[in-house]
Amino acid sequence: MNSLLLVLEGVGMALEAIRGNKVRAGLTIAGVAIGVFVVVAMGAVVNGIRTSFQQDLDQIGATSFFVQRRSSGLSGCDGTDEKCPDRSNPPISFDEWNIIKRLPGVETVIATLGGSANFAYRNSRVDNVGYDAYSVDWPKVNASDIAPGRNFTRSEDAAGTPVALINDTLKAQLFGQSEAIGKQITLNGQQFTVIGVYSPRAGFLLSLQGKGPDTPRAIIPLQAAVRQLQAFRSGLMLTVRPLPSARQDEVMDEVTAALRASRGLKPGERQTFYLVEQDRLLDTFNQLFGAIFAVGLALSAVALLVGGVGVVAIMMISVTERTREIGVRKALGATAGTIRWQFLVEAATLTSIGAIVGLAVGALLAWVIRSNTSIPAELPTSIVVTALVASAVTGVAFGMLPAVKASNLDPVEALRYE
């Protein structure tokens with residue numbers, strides 16, 4: 001009970017100090033609030049991006065992996081570097097795609113080529129629109145909703161039929177409020193028929209690649225891209241989905257063995273292709289955003305240091321102004337520990353107020369990001385707890401010097417202080 005009263009009294013002293021020293025208290029609270037805001041904002045954004053990134057990967061399938069010509073990790077060498085061994089890797093071929101499709105542990109293999117084209121319909125024109133050229137099973141790794149319209153058929157894909165699905169944004173730019181299904185559009189002067197309008201459910205990863213809902217984009221059959229638009233075959237990438245009963249590592253071994261045999265690689269020769277599982281993509285993400293978050297923590301530490309210096313300043317002034325009061329309390333039996341505890345509670349209260357302000361602003365920013373972007377930014381409980389604890393520790397650490405000074409005052413000298 002006595003401890004609770006001391007805490008309440010310390011909080012009251014902190015509030016009184018804020019009223020009596022508005023500018024100094026405001027600067028202290030602002031310093032702590034900025035530090036906490038940086039941590040909270042960075043944590044909310046990074047956590048939201050990671051959640052969105054994971055959602056994109058989940059669309060592809062938990063055990064799916066990619067077959068590509070070059071590494072996609074941060075450690076991959078620069079494409080302009082003549083010493084980069086990946087530059088000599090042959091592209092993934094259509095024959096290799098067919099070989100992998102026939103492996104016993106494989107459920108399906110989706111082939112992808114990317115490109116861009118100028119889209120036009122009558123007097124409407126949209127230049128440099130990105131398109132994805134997929135094999136027919138692409139919906140298995142892409143959660144886009146097709147409405148109205150349909151996906152292209154297996155026979156249309158095999159024949160290279162010039163048909164296209166356009167997303168809502170491109171549809172609005174080409175057709176406005178008019179119906180798009182069945183209309184003839186041109187891609188780089190080649191005529192295609194619109195057979196569907198799709199709404200991409202893209203998170204951070206796909207939005208970063210220009211495949212988000214706000215970017216005009218289209219999907220066309222893989223063979224149509226090769227035959228009608230002369231898309232570069234060297235950019236072919238495969239997404240392999242193992243059978244539900246198969247283990248990912250075993251299927252990856254099958255694919256590796258098949259590709260090495262196809263390319264005539266001898267034992268000991270380096271592989272001229274890459275298999276990239278989702279864990280590796282997450283590792284790349286964690287490396288990148290871990291470094292960004294570390295920079296945010298450094299900035300936060302500087303802001304908390306500024307707030308801590310403010311705590312020392314305002315608390316030293318508080319000790320000076322309360323010297324006579326401290327003398328009276330000691331004369332009435334208050335111990336040095338009691339005095340020290342009250343001043344530490346006061347310091348922690350000041351920094352906690354700053355933390356609450358920082359949390360509130362950070363939560364507001366997270367809400368704005370969540371409401372206006374595809375990033376589901378949210379405050380993890382761990383970040384909230386860490387921010388509150390860090391602010392309290394800052395208050396205690398920087399409030400210790402004034403608290404010790406107050407507790408060591410001689411009661412006789414303090415009573416004589418004017």
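The second largest pocket has a lining of 13 residues, and Trp97, Lys101, Ser135, Arg154 and Asp157 are the ones nearest its centre. The model is predicted, so that local features need pLDDT of at least 70 and side-chain atom pairs count only at pLDDT 80 or more, while totals for chains, interfaces and linings use all residues. Residues are numbered from 1 along each chain as its sequence is written, and side-chain values use heavy atoms, with hydrogens and water left out.

**The second largest pocket**
- Helix 3 (94-101), strand 2 (106-121) and helix 4 (154-159) are the elements that each give two or more residues to this lining.
- Strand 2 gives the most, with four residues.
- By class, the lining has five nonpolar, three polar and five charged residues; Ala, Val, Leu, Ile, Met, Phe, Trp, Tyr, Cys and Pro count as nonpolar, Asp, Glu, Lys and Arg as charged, and the others, Gly among them, as polar.
- The space in the second largest pocket is about 230 Å³.
- A pocket is an open set of points on a 1 Å grid over the protein atoms alone, where a 1.4 Å probe fits, with protein on both sides within 12 Å along at least five of seven lines; lining residues have an atom within 4 Å of a point.

**The whole chain**
- The chain has 13 helices and 10 strands, which are DSSP runs numbered from the N terminus (helices: H or I, at least four residues; strands: E, at least two).
- Of the 418 residues in the chain, 46% are buried, meaning under 20% relative accessible area with a 1.4 Å probe, protein chains only.

**Leucine 259**
- Leucine 259 lies in helix 8 (residues 248-263).
- Leucine 259 counts as buried because its relative accessibility is 1%.
- Apart from neighbours within four places in sequence, leucine 259 is in contact with Val67, Glu96, Ile100 and Phe273, where contact means heavy atoms within 4.5 Å.

**Helix 5**
- In helix 5 (residues 168-175), the buried residues are Thr169, Leu170, Lys171, Leu174 and Phe175.
- These buried residues pack against several strands, including strand 3 (124-134) and strand 5 (163-167).

**Helices 11 and 12**
- Helix 11 (residues 336-372) packs with helix 12 (residues 381-407) at an angle of about 145°, and their axes are 7 Å apart.
- Axes are lines fitted to C-alpha atoms over the stretch in contact, and angles run from 0 to 180 degrees between N-to-C directions.
- The contact of helix 11 with helix 12 has 17 nonpolar, seven polar and one charged residues.

Notes: Buried means under 20% relative accessible area, exposed over 50%, partly exposed in between (1.4 Å probe, protein chains only). Grid points are joined across faces, edges and corners, and a volume is the space filled by probe spheres set on the points.
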